[in-house]
Amino acid sequence: MSPGSADHLADQRAELLRFAAGSRHDLGFGNLDDVGGVDPASPVELYVTCRMTHVFALGALADEPPAPGGPGRAEMLDLVAHGVRSLLGPLRDAEHGGWFAVVAPGGPVDDSKQAYAHSFVVLAASSAVAAGVEGAEELLAEALEVQDRRFWDEAAGLVVERWDRAWTRADPYRGVNAVMHTVEAYLAAADVTGDERWALRAGRMAARVVGWASANGWRIPEHFDADWSPLLEHNRDRPADKFRPYGATVGHGLEWARLLVAVDATLGERAPAGLVDAAVALHDRAVADGWAVDGADGFVYTTDWSGRPVVRNRLHWVLTEAVAAATVLGRATGDERYPAEAAAWWAYADRCLVDHERGSWHHELDPDNVPTSQTWAGKPDAYHAYQAALVPEVPTTPSFATALRRGLRAGAPQRQV
């Protein structure tokens, strides 16, 4: 079957769910290793538990034939319920509210309150509500209350990055990665609750990022101080950081391109002006800077502010966001170059990133497209790859879980709508 075809993507989704089902841990969902195992004594990260709860909810809502040995709908609903219980239980800070960043069998390992991870609580809860899982409504209501009270900065139209456990000290650092995932989460929450306030906030955040990117050659500044002034040299000595790498993150240009199209479609006449044009510009810059720029196929992880590669390893999530961006931009613009890009990138993914022997996707390749683990160890979760395999099958809006709950399908991969 051809990579990127409907059958290929269906097989990808089923296989990703089969592999991911091994992530169940007493405290939530753990980071998977290369063969799909989890150390029961290892710490559990909030964002991973949320991502897997979200993915299993999407799998249950899609209700597709499972891969051999993979979970069916009933098992996936049980996995979603496990995630919800974990988020209402050991990962939740019953004393101060919000959620711990990392827990272990003995208690919290990292008790900070992180905007990035809390955005995924909203996303997981929204998807669990769409799947009709017990406790999800309670979880979503609490997650949105924490967003309103602790993270949303009305004056800035953005979110605060991190608090201490008791919500007494806010980190002066601000980051666009947390903002980006909060946009995704707010769109999902708006679709599930019908409360347009969350979508309008997503629009405000999108407009701020477009402003920064357009003033910086469409390379998005990632790091900021407490007044939202860019810190362009932040982490120059740690260029391959998992969450705060130095320079421009190629994959975020692509991920923002997809999200800008979704914000524009969600808000319609109330959307900030020029979001689709900005999405095209971000996509074009990311592809020019990142794809096969050093003689081998694949997207480099980061570049400096002139577009020169800094970290040349290929991270799987960058490719997933590339195919997703190309899919939604093809729909939004009607430009035939986007389906051609998506087809070429799916072929690369199938050739280099999909682990046909052990399952799931290699999370990191070196510049020669050989699997490595310099930045990411194992195959922690299925969030990016599963969503990439789902994007061609559902409309750009509403968000994934709501589209699946309503039975909305986009048709064949890369079809313009």
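Helices, of at least four residues, and strands, of at least two, are DSSP runs numbered from the N terminus. The structure described here is a predicted model. In this numbering, Pro398 lies in the loop between helix H12 and helix H13. H13 covers residues 400–405. The peptide bond that leads from Thr397 into Pro398 is cis. Its omega is near 0°. Most peptide bonds are trans, and most residues other than glycine have a negative phi.

Two residues with a positive phi follow. Trp218 is not a glycine, yet its phi is positive, at about 65°. Trp218 sits in the loop between helix H7 (196–214) and strand S11 (223–224). With a relative accessible area of 24%, Trp218 is partly exposed. Ser360 is likewise not a glycine and has a positive phi, of about 60°. The loop that holds Ser360 runs between helix H11 and strand S16 (364–365). Ser360 counts as buried, because its relative accessibility is 6% and the cut-off for burial is under 20%.

The whole structure contains 20 aromatic pairs. One of them joins Phe120 and Tyr383. A pair of aromatic rings is described by the distance of the centres and the angle of the planes. For Phe120 and Tyr383, the centres are 5.3 Å apart and the planes stand at 90°. The pair is therefore edge-to-face, a term for planes over 60 degrees apart. Phe120 belongs to helix H4 (residues 115–130), and Tyr383 belongs to helix H12 (residues 383–390). The pair thus ties together parts that are 263 residues apart in sequence. Phe120 is buried, at 1% relative accessibility. Tyr383 is buried too, at 0%. Both residues also belong to a cluster linked by ring pairs. The cluster consists of Tyr47, Tyr116, Phe120, Phe243, Trp376 and Tyr383.

H4 also packs against helix H6 (residues 176–193). Their axes come within 8 Å and cross at roughly 20°. H4 is therefore roughly parallel to H6, a label given to angles under 35 degrees. The crossing of H4 past H6 is left-handed. On the H4 side, the contact involves Ala115, Tyr116, Ser119, Phe120, Val122, Leu123, Ser126 and Val129. On the H6 side, it involves Asn177, Ala178, His181, Thr182, Glu184, Ala185, Ala188, Ala189 and Val192. The residues of this contact divide into eleven nonpolar, five polar and one charged.

Helix H9 (residues 275–290) packs with helix H11 (residues 337–353) at an angle of about 40°. The axes of the two helices are 14 Å apart. This angle makes H9 oblique to H11. H9 passes H11 in a left-handed crossing. H9 contributes Val280, His283, Asp284 and Val287 to the contact. H11 contributes Arg337, Tyr338, Glu341 and Trp345. By type, the contact residues comprise four nonpolar, one polar and three charged.

A further packing joins helix H5 (residues 136–151) and H7. The axes of H5 and H7 come within 13 Å and cross at roughly 45°. H5 is therefore oblique to H7. The crossing of H5 past H7 is left-handed. Leu144, Gln147 and Asp148 of H5 meet Arg197, Trp198 and Arg201 of H7. Two of the contact residues are nonpolar, one is polar and three are charged.

Asp78 is placed in helix H3 (residues 73–88). Its relative accessible area is 36%, so Asp78 is partly exposed. Leaving aside residues up to four places away in sequence, Asp78 touches Arg24 and Arg85. Asp78 and Ala57 are 21 residues apart in sequence. In space, 9.6 Å separates the two residues, C-alpha to C-alpha.

Notes: Residues are numbered from 1 along each chain as its sequence is written. This is a predicted model: local features need pLDDT of at least 70, side-chain atom pairs count only at pLDDT 80 or more; totals for chains, interfaces and linings use all residues. Side-chain values use heavy atoms; hydrogens and water are left out. Axes are lines fitted to C-alpha atoms, for helices over the stretch in contact, and angles run from 0 to 180 degrees between N-to-C directions. Angles under 35 degrees count as roughly parallel, over 145 as roughly antiparallel, 65 to 115 as roughly perpendicular and the rest as oblique. A crossing is left-handed if the near helix is turned anticlockwise from the far one by less than a right angle, and right-handed if clockwise. Contact means heavy atoms within 4.5 Å. Ala, Val, Leu, Ile, Met, Phe, Trp, Tyr, Cys and Pro count as nonpolar, Asp, Glu, Lys and Arg as charged, and the others, Gly among them, as polar. Rings of Phe, Tyr and Trp (its six-membered ring) pair if their centres lie within 6.5 Å; planes under 30 degrees apart count as stacked, over 60 as edge-to-face and the rest as tilted. Buried means under 20% relative accessible area, exposed over 50%, partly exposed in between (1.4 Å probe, protein chains only).
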